[in-house]
Amino acid sequence: MAVITIREALNQAMREEMRRDEGVFLMGEEVAAYQGAYKVSKGLLEEFGDKRVVDSPITELGFAGLGVGAAMVGLRPIIEFMTFNFSILATDQIINSAAKMRYMSGGQFKIPIVFRGPNGSAFQVSSQHSQALESWYAHFPGLKVVMPSTPADAKGLLKSAIRDDDPVVFLEQERMYGNKGEVPDGEDFLVPLGVADVKREGTDCTVVARSMTVPLALKAAEELEKQGVSVEVVDPRTIRPLDIETIVNSVKKTNRLVIAEESHAFCGVGAEISAQVMEHAFDYLDAPVKRLSGADAPMPYAKNLERLALPDVERIVKAVREVSYLD
Amino acid sequence: MSELKVTPMRPRTESEGASAGAGVAEERDARDRIDPAELREEHEQRHQEQLKQIGGVDRDTLLKMLYQMVLIRRFEEKSAESYTLGKIGGFCHLYIGQEAVAVGCLSALRPDDYVFTSYRDHGHALVMGTSPDEVMAELFGKIGGCSKGKGGSMHLFDADKHFLGGHGIVGGQIPLATGTAYATKYKGTDQATLVFFGEAAVNQGAFHESLNMAQLWKLPCIYICENNQYGMGTSLKRAMSISDVSQKAVGYGMASEFVDGMDVLAVRAATERALERARKEYLPSLLEIRTYRFMGHSMSDPGHYRTRAEIEKYQERDPVKVFGDNLREKGVLDDAGLKEIEERVRAEVEHSVKFADESPEPAPEELFTDIYANPIKPGR
């Protein structure tokens with residue numbers, strides 16, 4: 001197994017799938033000549049040419065819709081948003097076209113498209129460039145929503161997303177592109193959609209984390225181990241469809257649940273997980289579910305405020321201790 | 001370019017456009033004063049133009065086009081009737097008055113070309129070959145409908161016929177069509193994509209973003225603005241700073257034409273020219289086809305924003321009647337022939353209602369089918 005970054009893992013996934021299937025193409029702002037704003041598409045133009053690696057104008061609604069139309073007649077587009085903040089301009093095409101085409105045509109069309117790019121906070125880019133939008137997209141039947149947290153998951157899930165016959169919103173994290181990890185060798189390595197992963201086993205408290213909060217939860221678990229608390233970290237990896245069974249099984253074992261997320265709490269994925277755990281494992285809970293979410297405020301620019309707006313290791317430790325009635 | 005570019009019906013330029021606010025009503029009233037002599041002259045000019053064109057199209061095609069126009073007209077009349085009977089729910093946008101646009105454009109297509117349109121889609125579906133039975137059953141919300149009763153009036157689809165749908169968000173289908181054109185070029189075929197939309201969609205970003213990409217990347221997409229002059233109840237003049245839609249193409253370096261949408265053969269000829277650009281050079285085109293809907297925006301529209309005189313002016317140029325009369329004048333068709341078409345259409349429309357009435361409602365399980373092509377049961 002090679003140790004690579006998430007950036008390289010995503011690059012490998014696209015490269016391998018483009019070699020495998022002539023119908024796969026990548027379109028987005030700065031994906032070709034500039035090699036990607038975050039260099040995720042490095043070298044792809046050189047290998048596949050400008051027919052399959054396409055620099056688009058800054059026209060998110062337009063090229064998102066173009067991708068859906070191309071998918072309707074058999075291509076498998078990968079549409080990159082330079083960041084998911086800009087996908088807000090394209091939501092009409094993602095939600096009203098991609099998510100609903102199959103249903104409202106009575107099953108006549110499949111829409112094999114991936115919308116991908118960085119989601120969530122970056123470093124001091126303020127309110128309009130630091131938004132975690134997974135609860136928006138996860139809200140809609142017809143979409144699948146994926147959030148990898150490791151290089152292996154990033155590669156295996158992206159390959160599965162590209163091969164999938166439905167629209168997949170694939171949410172990366174700008175802060176995490178440089179994170180390293182082991183990735184299994186071989187072009188057949190896939191991670192299935194809709195399967196959660198227990199990133200660390202434990203017995204006293206479950207922490208459900210996704211994307212950026214997974215490494216934070218794992219660090220918090222190390223810290224808590226020193227304090228005599230055994231934490232299980234569950235990463236759903238796919239938000240829709242959600243593998244609630246793995247989460248519920250973990251809660252049945254630990255009887256306590258903390259949900260760590262960088263998105264806002266209100267109407268968020270954490271609220272959904274909390275509700276489902278209540279529905280499926282109410283009698284197993286020894287404490288109310290605790291959500292640790294991004295602050296209920298737009299993202300500030302100032303470094304100190306930005307730090308306060310996001311979950312961190314220290315606050316995850318505190319939350320686990322709280323639901324364990326240790327403080 | 002079409003000779004029709006200089007006809008009196010060409011839209012006013014921006015300098016003649018309406019001012020905002022209270023002055024709008026008076027200005028509209030002034031525009032609606034119709035000079036009968038001028039009108040007669042204009043009608044005669046159009047009459048002669050269509051007569052000239054009839055000779056250039058083979059008889060079978062002419063008769064098929066008339067049949068399709070009559071089919072749409074009668075089908076839509078039946079739709080209106082069924083709506084008032086409560087058999088059709090929701091929104092129902094009729095195509096009466098605009099028949100020449102769908103029939104003229106689509107008569108020029110090959111079966112392997114692709115077509116998108118907006119929610120005013122009954123006519124396009126019928127011309128693309130979706131059976132009246134399946135269209136009516138869809139309007140009735142029945143399983144025998146072309147979209148299994150899940151789409152309704154605004155979302156008719158027929159993948160086999162390359163009819164890629166009726167789309168409900170104004171302008172939403174325009175980027176989709178651009179993508180289909182991208183895909184056909186990607187695959188190296190000479191298929192074209194046609195996308196229909198109303199003039200109100202021209203104010204959407206989706207229109208402008210699409211035209212830019214299509215010309216930039218040379219995509220074989222034909223953008224067809226069915227300019228019926230009203231976006232719901234708001235006239236073009238009250239909504240567009242430069243109301244000459246065909247001129248929008250200039251900003252993108254795209255070929256465009258202004259076409260008389262009450263003349264089915266003028267529509268066909270303009271589409272043929274656009275198709276040649278698409279097939280031979282992968283070039284897009286914008287056609288502004290001036291038409292008029294004789295009915296309200298939807299079945300629930302009382303239509304207070306238009307004068308009787310204005311509607312009557314266009315009804316005198318009823319595209320179905322004019323085409324039928326002209327075919328008779330040129331001896332392509334006699335009274336018996338026209339009666340035969342009317343009889344055939346009447347039987348088909350009656351049958352469609354019977355079929356739709358008898359088709360079962362979708363089974364309750366259908367609520368949760370067709371959401372995903374690859375449904376995933378989560379967990380290992």
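This is a predicted model: local features need pLDDT of at least 70, side-chain atom pairs count only at pLDDT 80 or more; totals for chains, interfaces and linings use all residues.
The legends below go view by view.

**Figure 1. B:Asp370 and B:Tyr282 have positive phi angles****.** Most residues other than glycine have a negative phi. B:Asp370 is not a glycine, yet its phi is positive, about 70 degrees. Is B:Asp370 buried or exposed? B:Asp370 counts as buried, at 13% relative accessibility. B:Tyr282 has a phi near 55 degrees, again a positive value in a residue other than glycine. Look for B:Tyr282 in the loop between helix H9 (264-281) and strand S8 (285-290) of chain B. B:Tyr282 is partly exposed, with a relative accessible area of 22%.

**Figure 2. A salt bridge joins B:Lys148 and B:Glu366****.** The N to O distance between these side chains is 3.4 Å. B:Lys148 sits in the loop between helix H6 (132-139) and strand S2 (163-166) of chain B, and B:Glu366 in the segment after H12 of chain B, so the pair ties together parts that are 218 residues apart in sequence. B:Lys148 counts as partly exposed, at 23% relative accessibility. B:Glu366 counts as buried, at 17%.

**Figure 3. B:Lys78 pairs with B:Glu350 in a salt bridge****.** The closest N and O atoms are 3.3 Å apart. How many residues apart in sequence are the parts that this pair ties together? The parts are 272 residues apart, because B:Lys78 lies in helix H3 (residues 59-84) of chain B and B:Glu350 in helix H12 (residues 335-358) of chain B. B:Lys78 counts as buried, at 14% relative accessibility. B:Glu350 is partly exposed, with a relative accessible area of 39%.

**Figure 4. A:Lys226 and A:Glu223 form a salt bridge within one helix****.** Their closest N and O atoms are 3.8 Å apart. Both residues lie in helix H8 (residues 213-226) of chain A. They are 3 residues apart, about one turn of the helix. An α-helix has 3.6 residues a turn, so residues three or four places apart point the same way. A:Lys226 is exposed, with a relative accessible area of 68%. A:Glu223 is partly exposed, with a relative accessible area of 32%.

**Figure 5. Salt bridges link a network of residues in chain A****.** Side chains of opposite charge can pair when their charged atoms come close. Which residues are linked in this network? They are A:Glu16, A:Glu17, A:Arg20, A:Lys155, A:Lys159 and A:Arg163. A search of the whole structure finds 52 salt bridges over all chains.

**Figure 6. Helix H10 of chain A has a buried face****.** The helix runs over residues 269-281 and has 13 residues. From its first C-alpha to its last it reaches 18 Å, close to the 18 Å expected at 1.5 Å a residue. The buried residues of H10(A) are A:Val269, A:Gly270, A:Ile273, A:Ser274, A:Gln276, A:Val277 and A:Ala281. Seen down the axis, these buried residues fall within an arc of 170 degrees, so they line one face of the helix. What do they pack against? Their partners in chain A include helix H6 (134-138), helix H9 (244-254) and strand S13 (257-264). Strand S10 (205-209), strand S12 (238-240) and strand S14 (290-294) are also among them.

**Figure 7. Domain 1 of chain A meets domain 2 of chain A****.** Chain A is divided into domain 1 (2-183) and domain 2 (197-323). Their centres, taken over C-alpha atoms, are separated by 26 Å. 31 residues of domain 1 are in contact with 25 residues of domain 2. The area buried between the two is about 2,100 Å². Carbon and sulfur atoms give 54% of that area. A:Gln124, A:Met147 and A:Ser149 supply 27% of the area that domain 1 buries against domain 2, more than any other three residues. The count between these domains is 4 salt bridges.

**Figure 8. A salt bridge and a cis peptide bond in chain A****.** The side chains of A:Asp153 and A:Arg237 meet in a salt bridge, 2.9 Å from N to O. Most peptide bonds are trans. The bond from A:Arg240 to A:Pro241 is cis, with omega near -5 degrees. Where is A:Pro241 found? A:Pro241 is in the loop between S12 and H9 of chain A.

Notes. Residues are numbered from 1 along each chain as its sequence is written. Chains are lettered from A and ligands numbered from 1 in the order in which they are written. Side-chain values use heavy atoms; hydrogens and water are left out. Helices (H or I, at least four residues) and strands (E, at least two) are DSSP runs, numbered from the N terminus. Buried means under 20% relative accessible area, exposed over 50%, partly exposed in between (1.4 Å probe, protein chains only). The expected span of a helix is 1.5 Å times one less than its number of residues. The arc is that of the directions from the helix axis to the C-beta atoms. Contact means heavy atoms within 4.5 Å. Domain bounds come from an automatic or database domain assignment. Buried area is the accessible area (1.4 Å probe) that two parts lose on being put together, summed over both.
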